[in-house]
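Thanks for coming. I have one structure to go through today, so please look at it while I talk.

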Amino acid sequence: MTTQPKNDYFSLVLASTVHDMKNSLAMLGQSLNHILDEHNLNDPSSKIQKDVGIVQYESNRVNNGLMQLLALYKLENEQLPFSPSYHNLFEFIEEQTIILAQLLEAKNINCEICVDESLDAFFDANLLAIVIENILGNAIRYSKSKIIISSKIEDHLVIQINDDGMGYPEKMIDLEGDYMLGINQSTGSTGLGLFFAKQIASMHQNKSKTGYIVLKNGGQLNGGLFEIHIP
Amino acid sequence: MVKYNKIKILLIEDFADYASAVISMISAMGCNHIDHVISAEAAIQKCREVTYDLILSDYNLGDGKDGQQVFEELLHFKIISDDTCFIMITAEINASMVMAALEFKPDSYLAKPFNRQLLKSRVDKSLMKKEKFKPVLRAISRKKWQEATKLYQELLGNTSLYRQELKRLQLIIFKNTKTIKECQKHLEDELDVRVTPWALAELGKIYHSLKYFDKAEGIFKKMLMEFPYTIDGYDWLAKIQIILNKPIEAQQTIEKAIKRSPKLIKRQKSLGELAEKNGDNLVMMQAYRQAVKHGKHSAFSHADEYVKLTKSLGVRLKSIRSEDRDKLINEAKTVFSQLQSKFSKSSGVQLRGAVAHAEFSAIIDDQPNVLKQVKIASDEFDKLDENIGASECIEIATSLQQLGFSELSESVLEDGVEQYFDQKEFIKQVKKITKNKNLIANAQKVNKINNRAVKLFREKKYNHALTEFSLALDIAPNNINIALNRAQATLKKYQQSKNDPDLLYKTEIILSDIDRLSSNDIRYKRYLELLRLSQLMLQNTNN
């Protein structure tokens, strides 16, 4: 206990840098909203709507990437707190759409939630929120006009995010879990989001069953379909 | 629906630009009473002046207390009520959650950055939940179990929203209306459905009350293996391991908890105590260092961690002879001066600190300072206006004895014996130190008399009891328990016949003679109650 391992210093620096960056992102978001309000630019027909959408999307991506990096770092060092509890499913999912509300509006995407309001499930809401936000963000990027988020509980919890875009490339579906191999600098896909989703899913266990994710194409909207299974 | 124009909100945020952003979000929600402070101290002050419906606090508040510590202080000292909603704004939710002690959990956490829609949604839900649970929580705090059961059942329609909270309440009600075995079965059934950290912990606590300590240890170990971030589990496991006489494992358990959640002073102190018992001075030193560090801005800090830190520094000094010596000596000097300034009004602490300082000075061969500190100690002892604890008394007397000041040591012991003659463990330790045979003999004598008196009191033989209490007080005139007993017996005697108001005056005199009873003492309530009763009865005789 007398000497600090190098890891600890980085840990401290990481924590305060993340805190700093999140403050910056918060200020960015707030100022953008202020500018939009001041100049009446919230109108979806406005010329700069595309740019507004880009700013929203990219700053969300930065925030989400930051949270995933931090969580993965902690996971590697066995420092990631896992605090599962019971949560109402509809409220949980609705919250993720609220977080991305401005983005959905900017891109003019209709996001439908098909979840029975009387359902609740046992999971770590903070970690799962990062996953859903990330996948939803991607779905928004690739969808044309509609996204459906549905959830049901059969013998375990399943959350599905379906978009009406072009779907996941075959290569990605074939990876079947080895998402780190999907890192492709040119398309901007790092596979980080799916790798992270897989990790979080597998943290959830119940009676020797472990959580997992599935990528498909199809679903009601005939686009990309992401599923996360939580036992 | 929340009527935002009728509620008062306090924002605790040190980053000014961010604060204005949040304030404009809250205004947009319709609230027109929003106060903003930038520090913990300002927040506490403001809460004394205004009753808020909702407090939004950043977890990070710069140097000084963090949001969690503010919340704990506000609740603990009842500056806010349980009805006040508290939402913590943080960069990393799970990390902040882990820092919260079990009894002090905020109503909700909000991760930044958040937009106005999320803020509104979260505030709406938190306030609504607070409203919904107010009646049943009130019934529980008043211990009205039938009412609580009824109110709880009315809430069952909301299970999918509040399952965890409802389970928690159900267990509280069961614990107070059913047998403990029924509670055990209830939790075991819960665990058959799903293994959750909450159910495991509660079952562990039940095993503990049933004294199934091995089973309890097993359950907590299982819980911590599957859910290593359920921090209070470590505290319980360590507690049980101490009972099972496994102090080394207990120490390791608390070390694991601290690794994940280092800020709780109570935990650092437990570690310090354990490490001291296990002879692990390095860990003891580090633990008390952390306790002092985190206690700097906390209202929960005590002199204890400062004194213990100096002791461990002294022990450390005995075994090293390098440049590190100066560093440790300076650290100790700083701690001693903090003891002096932070607890300047407490003569008991100053006495203890001076003796610890004398002991430390002896270790570093500073004989003049030894004498100086013992003189200070002696002066503080002469003007002592509060009781020093039993273990502190032993600590002080032992040090003085070892330094060669046996007269002062014996005086301190005498003082302690007068207060704690009925504590077997304490008397055992006094026996080891004292050279005054009469001291122990007197302790045993007054203990016997007091026990006789209490027995007579219970048999309602108040006259005899009073005679015995007087005898006891002759030997131990400053003992508070005897005085309180004597006062109570006098009141009872009055109540028997109600024709001698003189007894009431006597009671008042006995109570006013009581010296050194601080308002923090657990006996203070009893003292106030007896005073109130005697005054009430006096009033009635005058009518």
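The buried residues of H7(A) are covered by, among others, H2, helix H5 (125-142), strand S8 (212-218) and strand S9 (223-230) of chain A. Contact here means C-beta atoms, placed from the backbone, within 7 Å. Helices (H or I, at least four residues) and strands (E, at least two) are DSSP runs, numbered from the N terminus.

This is a predicted model: local features need pLDDT of at least 70, side-chain atom pairs count only at pLDDT 80 or more, and totals for chains, interfaces and linings use all residues. Residues are numbered from 1 along each chain as its sequence is written, while chains are lettered from A and ligands numbered from 1 in the order in which they are written.

Back to H7(A). Nine of its twelve residues are buried, so the rest of the structure largely encloses H7(A). Buried means 20 or more other C-beta atoms within 10 Å of the residue's own, again placed from the backbone. Among the buried residues are Leu194(A), Phe195(A), Phe196(A) and Lys198(A).

Next, the domains. Chain A is divided into domain 1 (6-76) and domain 2 (86-230), with bounds from an automatic or database domain assignment. Their contact takes 15 residues from domain 1 of chain A and 16 residues from domain 2 of chain A.

Last, the two chains. How many residues does each chain give to the contact? Chain A gives 30 residues and chain B gives 29 residues. On the side of chain A that touches chain B, the largest share, nine residues, comes from H1(A).

Note on methods
Two residues are in contact if their C-beta atoms, placed from the backbone, lie within 7 Å.
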